[in-house]
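Hi everyone, thanks for making the time this morning. Please have a look at the model on the screen, and then I'll talk you through a few of its contacts.

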Amino acid sequence: GHLLNRHLRRMSERFEECDAFDAETLWSLRRRLAELADPELIAIYPHGDGRSPRRVNGTAAQRPADATLHAVQRDGLCHEVVLALVHHLAEETRASLLASGGGSALPLLPTRHHEEHHEEGGEEEGTAAAAEGERSRVFSEYRSQVSCQQCHTGAVAAAWRDATLPPPLP
């Protein structure tokens with residue numbers, strides 16, 4: 001993320017750390033970028049292969065109650081916003097957005113990677129099952145959002161533990 005963030009900062013001063021955003025703001029940015037997406041660029045993705053642009057109708061109601069899970073969700077959304085900005089907009093549209101920004105800041109990529117840890121005990125059975133379901137949902141979505149290889153090399157296989165690119169060499 002550090003190297004890509006340096007490139008983003010060179011493109012515009014409108015970029016801010018991902019931590020500065022909340023999920024609702026990122027959903028709004030994601031919807032806006034989907035509206036600006038270039039149909040010719042979107043047409044590059046074969047229909048049904050899992051690489052076409054993601055749905056953009058998420059809502060604040062999907063915000064996890066747990067603060068840690070909210071951070072995971074936010075970081076995944078930052079990845080989606082950057083992906084849409086870089087890969088789905090025509091050069092002229094991107095340049096205009098970066099110059100004006102429409103008054104909105106844009107997120108940088110998060111510089112941390114979240115690992116799913118399962119909680120043991122401490123909750124009633126029904127509450128624990130609900131919490132585990134939410135955790136599973138958030139991390140499943142996150143894994144698909146942060147994998148550059150999802151599109152750059154093909155679909156992520158369920159058997160892969162981590163399909164993201166390895167960290168850069170020192």
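Let's begin in helix 6, which spans residues 125-145 and holds both Arg137 and Glu134, three residues apart, or about one turn of the helix. Helices here are DSSP runs of H or I with at least four residues, strands are runs of E with at least two, and both are numbered from the N terminus. Arg137 and Glu134 form a salt bridge, with 3.9 Å between the closest N and O atoms. By salt bridge I mean a side-chain nitrogen of Lys or Arg within 4 Å of a carboxyl oxygen of Asp or Glu. Arg137 has 38% relative accessibility, so it counts as partly exposed, and Glu134 is also partly exposed, at 23%. The cut-offs are under 20% relative accessible area for buried, over 50% for exposed, and partly exposed in between, using a 1.4 Å probe and protein chains only.

A word on where this comes from: it is a predicted model, where local features need pLDDT of at least 70 and side-chain atom pairs count only at pLDDT 80 or more, while totals for chains, interfaces and linings use all residues. Residues are numbered from 1 along each chain as its sequence is written, and side-chain values use heavy atoms, leaving out hydrogens and water.

Now for helix 5, residues 91-100, where Arg94 and Glu91 sit three residues apart and are therefore separated by about one helical turn. Their side chains meet in a salt bridge at 2.8 Å, N to O. Arg94 counts as buried because its relative accessibility is 10%. Ala95 lies in helix 5 too, and is partly exposed, with a relative accessible area of 41%. Ala95 and Ser12 are 83 residues apart in sequence, with their C-alpha atoms 9.0 Å apart in space.

Glu80 lies in helix 4 and Arg30 in helix 2, so the pair ties together parts that are 50 residues apart in sequence. Both Glu80 and Arg30 are buried.

How do those two helices pack? The axes of helix 2 (residues 23-36) and helix 4 (residues 67-87) come within 9 Å and cross at roughly 20°. The axes are lines fitted to C-alpha atoms, for helices over the stretch in contact, with angles from 0 to 180 degrees between N-to-C directions. Helix 2 and helix 4 are therefore roughly parallel to each other, a label used for angles under 35 degrees. On the helix 2 side, the contact includes Leu26, Trp27 and Arg30, and on the helix 4 side Leu77, Glu80 and Val81 are among the residues; contact means heavy atoms within 4.5 Å.

Let's zoom out to the salt bridges as a set. The rule gives a count of eight, and Asp19, Arg74, Asp75 and Arg112 are linked in a network of them.

Finally, the whole chain. The protein has seven helices and two strands, running α-β-α-α-α-α-β-α-α from the N terminus. Of its 170 residues, 35% are buried. Among contacts between residues at least 6 apart in sequence, 79% join residues at least 24 apart. That's my tour, and I'm happy to take questions.

Methods: Angles under 35 degrees count as roughly parallel, over 145 as roughly antiparallel, 65 to 115 as roughly perpendicular and the rest as oblique.
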